[in-house]
Every structure is written in C-alpha cells, then in structure tokens.
Amino acid sequence: MKEGTPFIVEVNPKIPRRLKRMDELAGNLWYSWNRTSRTLFARLHPSLWDAVGHSPKAFLKRVNEQRLVDAVDDQVFLANFNRVLSAYDTYHSEPMRQNGTGLHQSDLVAYFCAEFGFHESFPIYSGGLGILAGDHCKAASDMRLPFIAVGLLYRQGYFSQLIDAEGNQVATYADSDFDDLPISPVLRDDGNEVHINVGFPGRTVIVKVWQARIGHVWLYLLDTDLEVNSLADRDIVHQLYGGDRYMRMQQEILLGVGGVRALQEIGLKPTVWHINEGHAAFQILERARSLVREGLDFASALEAVAVNTVFTTHTPVPAGHDHFSPDMMIEYFSEMLHDLKIEKEEFLALGQSADSHEFNMTTLAIHGSRYHNGVSRIHGDVSAKICGDLWPQVGPEESPITYVTNGVHVPSFLADEWVDLFDTYLGYEWRHRLCDTEFWSKIDMIPDHLFWSVRQSLKSQMLYQLRHRISNQHFRNHGSEAHLDRLLKYTDPINPNVLTIGFARRFATYKRATMLFDNLDWLREIIADEDRPILFVFAGKAHPADKPGQELIRQVHNISRLPEFEGKILLVEGYDMGLARRLVSGVDIWLNNPVYPLEASGTSGMKAGINGAINLSVLDGWWGEGYDGKNGWAIKPSPEHYDDYRRNKEESQTLYEILQDHVLPLYYDRGKFGYSEGWVKMAKHSIATVLPRFNATRMVGEYVSRFYTSASTQGKIFAQNDFENAKRLAVWKSRVKAAWHGVALRRLDEPKKRIQFGDAMRFEVGVQLNGLKSEDVRVELLVGRPGNVNASEMQHYSFVSQEATGTGHEQVFALELAPDLCGKLQYMVRIYPWHELLTNSHETGMMFWL
Ligand SMILES: *Cc1c(COP(=O)(O)O)cnc(C)c1O
C-alpha cells in the first residue's frame, strides 16, 4: 500500500420498520439480565456479536442490512422478537410501588459510585465494587424503587487483558466509541445538552451529563471530554483508576461535586444520598456548600447533610482507604473553604484521624453520614475497629458502623437452564420468592438426574468457551498445534466429566491466587490419579500498577507450563463479566482463599453458589455467614498473628486435605447413573442456602428498611422550618463537646453484695454536669453475666434524674431494679450525651464508665 492515512467510514444499516424496536432494546441495560433479548442479537450474526463485545448498540450499527431484511421474513425470529418485546413491556409497565418498601413516591435515593458493572458491553467497571453497584441498581429497578445513580463515563474504562507466551499481562486500552454504548446525552427542555461547571484550581471545567437506562432506573454519567476543555481536563475521565494522585483527586471531585451539581441542574431532588465507597464522599462538601449559601452555618449544614446520607465502606485495611495530602486538599478546595466559611483546620479535620494527617475519604464519609455499613458481618466488625477512633469512647461492639451483607442480582447471574428447570419444578412464582428461605428448600423436588444434566450442560458450554479462548490465546502467542492438544486434554465439552475447579477474580495479592501451589509435591500427588482427574481454571486481571499482582499471574502461568501440570491448570486471559457468567455457572467447585479478614465480602462465590457450583473458601467475607457445614467446604483461617509463611502453610494444608479427603471422593463417587448423589445433594443445598440469602433483592431490601426509609424521614425532620432541627442539634453538639471533659460521675449508694430474688435494688449516682442539663445525658446501667464485656449483649436500664436532691453542682440520678435472674450478675454504669434528634445514640463518640 502507498503511504497515507486511511480514512474510515462506518456504514450503518437501515433498520426495517418491523424491527424498529430493536433500537429500544439495545438502549436499555435490561438486556444485561435478559438473556433471551441478547440471544436475539447474537443469532442474527454470531461472529459479529462476539466482535462487537456483545454490545447490542454496536451490533445494530454494523450488522449487514441483508441479515435484518431476512429476519423480517423469519417467522421463528419474529416470534422470539415478539416474546422479548412483550417481556420488556411487561417489566416496564408495572407501576411504581407506593408501599411495602416504606419509601414514598416523593422520595428519591441517589446512589453514587466510581464504577458500575452491568454487562461486558459497557466497560466502566473493574471488578467486584462496580458489579455490586450494578446489581444494586438492577435490584432497585426490579423493586421499582424511586432510585437514580451517578457515576463517571470513562473514555477507556478498564483495560483489556492479554497474557503473552511468558505469562506477562499485557494491558491494552481502547477508546470507547460513545455511540456504541447504551447511553445518550441528557437534554434540557430546549433540546440543548446539559452541561455543568466544576471549579478546579485556577480554571473551570465543563462537564457533560449522559444518561443510561437500567430498566426503571436512570444512571447519570459525567464526562469532561469536550472541546471547550483543555487537553489535560479532557483526560480527567480517561481511565478508570488510571493516572496519579492528582488524577484521582480530580475524578473524585468530578464525581462528588459534579454529581451533586448535575442532579441540581437536571432538577432532581434526592431525599437520600448513598455514597458507595469513599471515592464519592466529596458530595458531602458540595451539598453543605449549597446549604451554607442558603444561610446555614457549616456545622448545621453538615448535620442536615449527614442525616440523610448512607455510606458503605468496602475496604478492610486502613491503607486501602483513599487519602490525599493536606496540601493537595487545600490546593483543590480553597474556594470550597471560602464558600463553607470555615477555617483550614476545621476543614482538614473532616478527613483526619488520630493517627494520620492525611485526608482520608472514609473519614470524611463517616463525618458526613449517619448511616454507615460494611458489607458482611466480619467486615462490619473489622470496619468498626478500623474506624474506632472516630468514636473514641465507644467500644467497637456498639460502633455506629453496622453491616449489610452483599448480594448478587439473580437474573443477571443465574444461567437460563436453571430458569427453565425452576419454572417447571418450583413454579413461576420463584421469581417473587427470591428471599424466602423456606421456599427454596423445594429445590429438593427437582429430580437428581435433571439437576445433574443441567450442571453438565452448563459445564459443557463453559468448556467449549474455554477451548475457544485458550486456542486464540495460544495461537496468538505462536504456540503449536500439538501443544494446544495437550493443553486442552481435559476440556472435552462432549464428556464434561473432569472435576473442574475455578479461581477467577482480580489478581490482588491478598486473594492469594498461588496458595494452591504452596506445596507442589502434595498437589502433584492429588492430581496424579488418572482415574480421578482435576482441572483448575484461573482467570483475572491485575491492576497495571500492581507489579506483585502481575507476578502472581506469571507464577500461575509458569506452573501451568510444568509438564505434569500441563492441561490440568489453565490460565485464561480477559476476565470480564461475560467470562465470569460462564465460569461461575460451569465449574464444579469455586475456590477462594483470601487472607482473613481482607475479603470484605466477595461476590463471585455467591454467583457460583446460586448456580449449584460448590464453594470451597476461607471463612472470610460472605462465606463466614454463608457456610453452614453442608453447603460447601471451609478453610478455617489461621490466627491473625501468624506470619504469611506460616499462614500459607497451614491454610494450604487444609486446602489439600479437603481436596484429597472430601472433594475428590465425593465427586467421583459415581453411582449407577453416572453421577454422585452426594454431590448433587450438596449442590442443591448450595442453591437452597445461597440464593435466598445472598441476592441483591435481599440486600437492597435491607438498605431500604434499615437506612433509606429512616434517612429520608430524618432528612425531612431536619430540614423543616428552615433547618431548625439541624441547627438545634449542631448547637447542642458543640455545647456538649465543650462541656464533656468536665463531666464526672460517682456512685452514691452503698453497693450490695447479695439480695433476694424479687427484691429491688436502688442505684444512685451523682453527676457533675459541668453546665449541661440532666436531659442532655443518659445515665445507664448495664447488666449481664460475669465475664461478659460486650455492651451490646447486656441489658440496658436508664437512670432517672432526681429533683434538686444533689449537693453543690452534682445532679443525682437514680434507678430501682429488681433483677429477673438469679445467680451472679455483673453490672456497670455509664454516661453519654443524649438528644432526641440523634440518629444513632453513640454518634457523638463520647461516653465514659463508672
Ligand atoms: C463478581 C465479579 C467480580 C467480584 O468477584 P470477587 O469474588 O468479589 O472477587 C470481579 N470481576 C467480575 C468480572 C465479576 O463478575
């Protein structure tokens, strides 16, 4: 060819009138959980479907006109098309629910997150956090909640991953063509695009607002890639989690500050604000700024903002929390400081903790919210400890941080084959019984052989996919045919009878992808039995800046190339939601061995569990609650004080023993019908226990009933009469804070050693209130059994303030109590500030004990 720049033109087909509504299907992420609608596109031209990354919108722009014309004459296609449209219309015409959820039509929940994972065709996610956010939106749509979401529109999203012949991860970034994504610009009434301004040091950045439709829910996405902006500013949303600290700061300002402005500009008025992970916490400052502009002082504004804000943390280690240097904060927020009318120190204190001067986004989020949670029981406890110094006098068991365990969106991750089987044996109503644990025990009514054949068929589809992907990978890396045959020895879709174990997730070091290889001799022994073969499948991406993570990929690669492991350990590149759906539904065992307690929740194991794959995991994250002794296998974590070496040794030993003594014997205990009854029993039990508890409807339902409803009500109470209550509470808190160091408590009555059952004891304490009033405090007696130091498990009784009985500055509080237990009892007395407007009794963090 001659030199020169080739021009590219895309020729778009004319969509026949009869198929016009395919556009509508392609523009609504409903397709991400409706497989039949995706199949409609795929069947028209399978290889194009793969080539466009399963994007219906891109597909419709590139499919050959003739295929569409032919489809109009294809009765089978039309019948399917009509069926999909009818399901689509039914889903969208069901009215918004007025009651039952506790939220009203006038309520609106705004959910902010830095990433959203709905489907592989919309690459604005990197892993678990994003997919969880996507599932949250999908469940909110299913539940018809008044709900919107806010995020960033990355030009390149997360990277695509290739793995070369040496096991190196090659990250490639490709610009998304926004025309190919299921999004459209938000327009004003006059037809012009909605643009907003966000101030950065010395300049204003113009931000365009896009929208995506997720069933009933709208997601608003912010974009700076506009010609009016400087080149540097156009790049702010170039890559998800790309760039340096400055880039991160700018993205988070865009999300938090820009997100609030965008909603204002569109005319939406949320009554509940949900910050999903600290990245979005700057929204607190922007909302406070609006209120200060309306005339509130900062402290009252912060009360008004916090009271209807929910914050979910996903990070189990302090180092994982996003933070910025004070200098950077001042550089980027000098105008904000000015607008908030506060001093530098007060501003920085919003993000600082006792042990660090860095400005921490988790700390800011907690200061600016009254509902906080971790994402599993274990993670809730860990978070309460990590954030303990924000409530210095309150023990972790009474910490205002609670937990809502994650869940997965069942229609997105449950394979269609199960849908058919459930329809037959459980009835269509299973869709409305997602959280009914009783109902799911009916899974036993499915005949074992049918259950098994679905499992086999899903596995076969997965193996087929794997062969395809491994072949591409192999030939691209210039491997030979003979070598490929060896690699694919155990991936026979026709005889899917090899025990298959999947491990796929981000390659972050704490997830320990290589724990399986801790003792290679033992592993060799386990896989040596030709009658009981095992196939291990690994997949996952490491962040391009995470060198140790990439080293793990190389290690898996190297071991998979050792002659004795060849074909028994496969490393597949390009982990995304599409591959995840295949793997979680196709493998027999889903393996997870993170370092306890670093797996905040983990969700891929839930996806596996609902598909009848069996979990074999460290008892961390969700599995700490999910494991019941019969629905899978558990690796008990080593004590936390063990060093890495000892911990790996011990936990890998447990893993080998479980594989050798339990997994292999059970799987290969094939009865006369060719499958293991014990295995089927466990797999059924896995579905019955995991599906009804770890689904997104249960999760979102909990957010609604425990947080959203109350936050919305509190928000209204605080806002009424020109924020009267927000101001009252702010004034009260500052009064209490100033006086608290001088408050003192002493006992006045003579402690008794022994009483008769039925007799009342009278307790009396004298309190130096240091200027506070008796109604500003609560004096409490806690009663429990000796040795129990957990305040949340003891009985609580409040003392009553006595009229002017005290001497000097002391106020007397008394309590009469006849214990309802016999035997030795332990009791303690404490005092803490109390006000009727507090959302959480311990939010002031002040308390002390007698
Ligand atoms: C579910 C999912 C994750 C999260 O898995 P974890 O077990 O939480 O690590 C990551 N990536 C993809 C593509 C997923 O589907």
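A: Pro597 sits in the loop that runs from strand E18 (589-592) to helix H24. Helices (H or I, at least four residues) and strands (E, at least two) are DSSP runs, numbered from the N terminus. The peptide bond from Tyr596 to Pro597 is cis. Its omega is near -5 degrees.

A word on the basis. This is a predicted model, where local features need pLDDT of at least 70 and side-chain atom pairs count only at pLDDT 80 or more, while totals for chains, interfaces and linings use all residues. Residues are numbered from 1 along each chain as its sequence is written, and side-chain values use heavy atoms, with hydrogens and water left out.

UniProt, in an unreviewed entry, places the feature "modified residue: N6-(pyridoxal phosphate)lysine" at Lys607. UniProt positions are given in the numbering used here, feature names are shortened, and annotations may be inferred rather than shown by experiment.

Why does Lys607 count as buried? Because its relative accessibility is 5%. Buried means under 20% relative accessible area, exposed means over 50%, and partly exposed is in between (1.4 Å probe, protein chains only). Leaving out residues up to four places away in sequence, Lys607 touches Ile131, Val408, Phe413 and Val584. Contact here means heavy atoms within 4.5 Å.

Next, the ligand. There are 13 residues around the ligand. A residue is near a molecule or strand if one of its heavy atoms lies within 4 Å of it. Ile131, Lys511, Thr603, Ser604 and Lys607 come nearest.

A side-chain N or O atom of Lys607 is 2.6 Å from a ligand oxygen. A polar side-chain atom of Lys511 lies 2.7 Å from a ligand oxygen. Thr603 uses its backbone instead: an N or O atom there lies 2.9 Å from a ligand oxygen. A polar contact is a pair of N or O atoms within 3.5 Å; within protein, one must be able to donate a hydrogen and the other to accept it, and residues adjacent in sequence count only if both atoms are side-chain atoms. Taken alone, the ligand exposes 390 Å², and the protein buries 95% of that. Accessible areas come from the Shrake-Rupley method with a 1.4 Å probe; for residues, only the protein chains shown count as cover.

Which helices each supply at least two residues of the shell? They are helix H7 (128-142), helix H23 (577-586) and H24. By type, the shell residues divide into four nonpolar, five polar and four charged. Ala, Val, Leu, Ile, Met, Phe, Trp, Tyr, Cys and Pro count as nonpolar, Asp, Glu, Lys and Arg as charged, and the others, Gly among them, as polar.

Ser652 is found in helix H26, residues 644-667. Its relative accessibility is 1%, so it counts as buried. Beyond residues up to four places away in sequence, Ser652 touches Met515 and Asp518.

Thr224 is a loop residue, placed between strand E8 (217-223) and H8. Its relative accessibility is 0%, so Thr224 counts as buried. Its contacts, apart from neighbours within four places in sequence, include Val205, Ile206, Val207, Arg234 and Leu254. Asp233 is also in contact with Thr224. The backbone oxygen of Asp233 lies 2.8 Å from a polar atom of the Thr224 side chain.

Helix H8 spans residues 231-234 and holds Ala232. Ala232 counts as exposed, because its relative accessibility is 54%. The C-alpha atoms of Ala232 and Ile284 are 26 Å apart.

Two backbone angles deserve a check. His54 has a positive phi of about 60 degrees although it is not a glycine. Its place is the loop between helix H3 (46-51) and helix H4 (56-62). His54 is partly exposed, at 22% relative accessible area. Asn721 is not a glycine, yet its phi is positive, about 45 degrees. Asn721 is found in helix H28, residues 696-739. At 57% relative accessible area, Asn721 is exposed.
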